[in-house]
Each structure stands twice: as structure tokens, then as C-alpha cells.
Amino acid sequence: MVPDISLGRRTYGLLAYLYGPGRRDEHLDPHLVAAWQPALAPDPGRDPAATLKQLQERLDLPVRAVPEHRRLKQHVWHCPVRTAPGDRQLSDAEWAHVARRIVHATGIAEEGDDQACRWIAVRHAHDHIHIVATLKRQDGRSPRRHDDYHRAQAECRRIEEDFGLRRLNPGDRTAAKRPTSAERAKAERAGRSATARELLRDHVRQAIAGAQDEAEFFDRLREAGVRLDRRIAPSGDVLGYKVALPGDRNRAGEPIWFPGSKLAPDLSLPKIRGRLATPDDDDDLPSDARVRQRGAPARAWREATAIVERTSTAYANGHEAEAAAQLSGLGEVLDAVAQTSPASTRQQVTEAARSFERATRWHTRADRAVDRAARSAARGIIQAGNALGRGEDGAATAMLLSTLVLATLAAARWHTARRHHQQAAAARQAADQLRAAYHTAATTPMRTMRRQGRRLPERTRARHTATVEAALPGHTATLRRESGWDALVATLDQAERAGHDPEALLHKAVAWRELHTADNITDVLNWRLRRLGQLPAHPTPPRAPSRSTTQQPQPTRTHTTTPSPNPASPDHRRRH
């Protein structure tokens with residue numbers, strides 16, 4: 001059950017909408033289900049003699065009874081309350097009970113208070129009501145409605161339990177402000193898939209991703225076509241900023257500005273400066289965490305894959321303050337990937353980044369604003385430019401997306417263990433969206449690898465099957481039924497031809513981190529092998545033997561050291 005509180009100036013205008021046909025004739029049988037005093041509230045939906053004007057005058061009476069200078073400019077309190085998809089249909093009597101509990105919990109009209117504000121609840125659909133109140137009590141005082149939104153949310157959680165409805169995740173007051181119903185309606189009229197608030201939040205996050213300093217951050221916003229207004233002190237220092245979408249104006253023709261802090265709690269200028277202040281000196285980072293400043297997208301994406309794997313393993317094992325920085329860094333990598341993904345996956349990755357940003361905030365202060373290695377990865381991705389959806393770029397995209405799926409699932413488990421319900425749900429949603437993007441990106445390279453694996457001689461296939469059995473005893477039969485089995489065989493063969501010991505390399509891939517959350521273990525192992533063995537992400541066919549050569553020399557195998565074990569457990573795989 002979801003409440004959505006807003007304020008307005010015109011009681012009659014809101015009533016005309018609630019009792020009208022709706023924007024797409026979706027309003028059916030509008031009528032009152034509850035009121036401050038049902039006998040005093042005319043119902044234009046059920047009483048032919050009642051009018052909207054009469055209802056508006058009764059609601060506004062306490063407001064008009066006080067001197068004009070004491071009236072609020074926005075005196076209309078509006079709170080739609082909607083059940084979740086899949087919930088049973090509530091009766092009018094049940095909705096009346098819900099409305100009375102909401103106005104009591106929010107301080108609009110506490111039970112037993114005959115001097116409380118006047119209010120009504122209108123129903124014009126099966127799944128929601130609209131509560132309308134005027135913000136003057138009948139004794140002339142203003143209601144005590146401090147923190148009414150969160151009090152309404154808390155009461156809805158209790159109503160869900162009492163009514164046997166779907167239990168939504170309780171909030172912790174760290175979420176970004178949700179778009180209002182008016183903002184959503186405006187976006188729909190403009191033909192946009194998201195509201196101005198959501199689009200601007202995306203632009204600001206993407207501008208931060210890997211930015212070296214504040215000047216670069218502001219430059220990226222301008223390059224994205226966002227209107228930018230900075231607040232400058234007399235000293236010349238920048239005190240704050242606000243952004244607007246081109247063409248998004250109010251009735252007076254003025255741009256609708258959003259300060260960064262109104263887009264999300266961590267997008268205020270001081271918070272952004274904390275992230276940008278992360279040292280850029282990479283000398284003490286691991287060698288594969290130093291993403292090159294320039295280079296092909298495929299190389300940047302491969303290097304980011306290694307950093308994401310290391311980061312997700314670290315926050316799974318670290319304390320909360322350290323995890324806060326690492327999860328923030330993972331969000332920054334997602335924001336960078338969203339900007340540079342091939343066209344075939346860009347929308348899905350953008351939605352995943354938008355979902356995951358909720359998983360980066362909770363009531364823990366980070367040891368540092370963001371993980372340095374992740375910032376380096378994000379910067380490398382941005383500077384490498386847009387990836388192509390084919391060849392090495394396309395395969396490297398699939399490699400990184402496969403790793404990001406597991407990283408976001410690890411984040412969901414981490415949050416679930418700490419009862420961060422909304423953050424865990426956001427991370428799982430991001431994983432679902434990334435999984436869809438992965439399947440799109442992996443189609444071509446995996447098909448090529450499967451074809452190569454099937455063409456290998458039977459003796460070679462049997463040798464690599466034995467290699468898998470040695471690394472994952474007792475699981476070979478299950479893995480052979482997966483769609484990625486032939487691709488895994490092809491990758492082991494390519495690793496062998498490149499001079500690696502396939503069994504040692506596979507042991508290392510298995511021990512790198514858990515596999516039980518993967519819905520296709522062979523896919524995950526395939527990409528790990530290619531990254532650990534420095535093999536091309538896009539498969540290369542074996543070279544045909546030269547006719548002039550009577551005997552080909554056997555490649556020298558390089559023993560790959562296996563780290564301390566963190567064994568995979570495919571037994572308890574669950575679908576994800």
C-alpha cells in the first residue's frame with residue numbers, strides 16, 4: 001500500500017479532477033467512502049442534488065474563517081493511497097477504515113478530535129482512494145502534521161499486516177524523493193519515459209561517474225544538454241548548483257530547476273565534492289586496478305571486470321563503512337556503463353543503474369566517499385568511449401555484464417543480511433535488468449564459442465571434460481546440460497593453445513568467488529577463464545596447421561597458481 005502526499009492551492013480544481021472522467025476516461029463511479037462528518041459532506045457522485053461547489057465550500061469553510069494573512073498558500077492536502085499489484089480488492093467500508101487511519105496517523109484528524117481538519121476520501125477505481133483535506137482546523141489552528149509522509153508510510157505497513165495485503169519494504173528515510181503524480185502526468189503528456197526529476201538524476205549521476213574534478217563534472221552536465229545554474233559566492237567560490245531539462249517550464253514560462261540535494265540525498269554539491277576528492281594517485285592500487293586513461297572500449301571493460309569482481313568480494317567480507325564506499329563505487333561503474341553500452345543494451349543498463357542507486361544509500365557513513373579502484377574503472381570506461389555491439393567490444397560487454405549480475409546479487413544478499421529491505425529489493429531489481437542486458441550482449445559471442453566447441457575432435461572434448469571433472473568433482477553431468485557447456489570447452493581449448501594449464505586455470509576461476517547464485521555456471525566460468533587467462537573476449541578460431549610443417553611443437557604450459565580456496569557450491573543454485 002503506497003501513500004503519496006502533496007499540497008495544492010485549489011480545492012475545487014482537485015475535486016473536479018477526482019469526480020471527472022480522468023485523463024483517459026479511467027475514472028469509474030467516483031463517490032465518497034468517508035468524510036470528517038458524512039452527514040455534512042455532500043457527495044456529487046451519488047447525490048444528484050449535490051454539487052462540487054457545495055463540497056468545496058464545506059471543505060474550505062475553516063480556511064475562509066481565518067484572516068487571509070493566516071491562510072496557507074497551499075492549503076489543500078492530497079494523499080492518494082493505492083494497493084500493490086496483486087492485492088485483493090478492498091470494499092468501500094475497508095477503504096473508509098484505511099482513510100480514517102491515515103488522517104489519524106498524519107495528524108490531519110486524530111480520532112476523537114471534533115475540532116480537527118475537514119477531510120474526505122474519494123474512490124473512483126478499484127485499487128485506490130484519494131484523501132483530500134484542508135489545512136485549518138475548525139478551531140482556527142493549523143494541524144500538527146510534521147513528518148506526515150513517513151507517518152503515513154508507517155501506518156500503511158501496519159494496515160498491510162492487518163488486512164493481509166502484500167507487505168512492501170519499510171523505508172529508512174534515505175531514498176531519493178519520488179516523483180509526484182503531477183510530474184508523472186507531465187512526463188506522460190510530453191512523451192517521456194521518465195519524469196524530469198528522474199532524468200536529471202540520471203544525468204547528474206552519469207556526470208559524476210569517473211569525473212576527475214568539479215570542473216569536469218559541470219562540463220559533462222553541459223555536454224549532456226542539461227541546463228545548469230551555479231550559485232556563486234562574492235569570493236567566486238561555487239556554493240551550490242541546480243539543473244533543469246531544456247524545455248521543461250512552469251506556467252510562467254520559467255525553467256523548473258532541481259537543486260542536486262532535491263534529486264537525491266547524495267547529489268548535493270558537498271557530497272559530490274567528497275566523492276571527487278578521492279585521490280587520483282593509483283600508484284598503490286593493484287596493477288589490474290589501474291585502468292588506462294586511453295584505449296579501446298574492450299580493454300577498459302575487461303579491466304573494469306576484474307575491479308568489479310574484487311570490489312564485490314571485498315564488500316561481502318568487509319564492515320559496513322567500507323562496504324558503503326564499495327557499493328557507491330559499484331554504482332558509479334554502472335553509471336559509466338549506462339553511458340557507453342552498445343545501443344542494444346543501453347536502455348536495460350540505464351534502468352539497472354537507476355534501480356541500483358537506491359542500494360548505495362543507508363544509515364552508515366562510509367570510511368571514504370567512494371572506492372578508488374571503482375572510480376578508476378568508471379573513468380576508464382568513460383574515456384574509452386562507446387562500445388560497439390559486435391566483435392571484441394560486444395564480447396567484453398557480455399563479460400562485464402555477467403560479472404555485474406553477480407556483484408549486484410552479492411549486494412542484495414549483503415543488504416538482506418542487515419535487514420536493509422529497500423536496498424536489497426533495489427539490488428535484486430538491478431540484477432534482473434542486468435541479466436536481461438547480458439543475454440542480449442552474449443548471444444553472438446556465446447553462439448560462436450558453442451559452435452567452436454562442437455567442432456573440436458572428440459578426444460579433445462573428452463580431455464577438457466576430464467579437466468572440468470577435476471575442478472568440480474561430481475558436477476560435470478549437470479554442467480553438460482547447460483547451454484554454455486560447448487563454449488566452456490572451446491575456452492579451455494583456447495587457453496591450452498595459449499600456453500596455460502587448463503586445469504590450474506579452471507581451479508583458479510572456480511576459487512575466485514562463489515558460483516551458487518549463477519543460473520548458468522558454464523557462462524560465468526567461461527568469462528572468468530577468458531579474463532584470468534588474458535584470452536580475447538571474442539573467440540578466435542584455432543589456426544590450421546601449416547602444410548610445410550611436418551610436426552607442430554606442443555605449447556609450453558604455464559602453471560597457473562591457485563589461490564586459497566573459496567570453493568564453488570553449485571549444489572544449491574537458485575534461479576536468478
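Me: What should I keep in mind about where the values come from?
Reply: This is a predicted model, in which local features need pLDDT of at least 70 and side-chain atom pairs count only at pLDDT 80 or more, while totals for chains, interfaces and linings use all residues. Residues are numbered from 1 along each chain as its sequence is written, and side-chain values use heavy atoms, with hydrogens and water left out.

Me: What makes R275 and E332 a salt bridge?
Reply: The term asks for a side-chain nitrogen of Lys or Arg within 4 Å of a carboxyl oxygen of Asp or Glu. For R275 and E332 the closest N and O atoms are 2.7 Å apart, so the pair meets the cut-off. R275 belongs to helix α9 (residues 269-276) and E332 to helix α11 (residues 320-340), so their bridge ties together parts 57 residues apart in sequence. Helices here are DSSP runs of H or I with at least four residues, strands are runs of E with at least two, and both are numbered from the N terminus.

Me: Why are R275 and E332 called buried?
Reply: Buried means under 20% relative accessible area, exposed over 50%, and partly exposed in between, using a 1.4 Å probe and protein chains only. R275 has 8% and E332 has 0%, so each falls under the buried limit.

Me: How do you know whether R454 is buried or exposed?
Reply: Its relative accessible area is 52%, so R454 counts as exposed. Its salt-bridge partner is D486, with the closest N and O atoms 3.1 Å apart. D486, at 13%, is buried.

Me: Why is the pair F217 and F218 called tilted?
Reply: Rings of Phe, Tyr and Trp (its six-membered ring) pair if their centres lie within 6.5 Å; planes under 30 degrees apart are stacked, over 60 edge-to-face, and the rest tilted. F217 and F218 are 5.1 Å centre to centre with 45° between the planes, so they pair and count as tilted.

Me: How do you know that the charged end of R230 sits over the ring of F218?
Reply: The rule wants NZ of Lys or CZ of Arg within 6 Å of the ring centre and within 35 degrees of the ring normal. The charged end of R230 is 5.3 Å from the centre of the F218 ring, and is counted as sitting over it.

Me: What makes β7 and β8 paired strands?
Reply: Pairing takes at least two DSSP bridges between two strands. Six bridges join β7 to β8, so they qualify, and they run antiparallel. The open sheet has the order β7-β8-β9.
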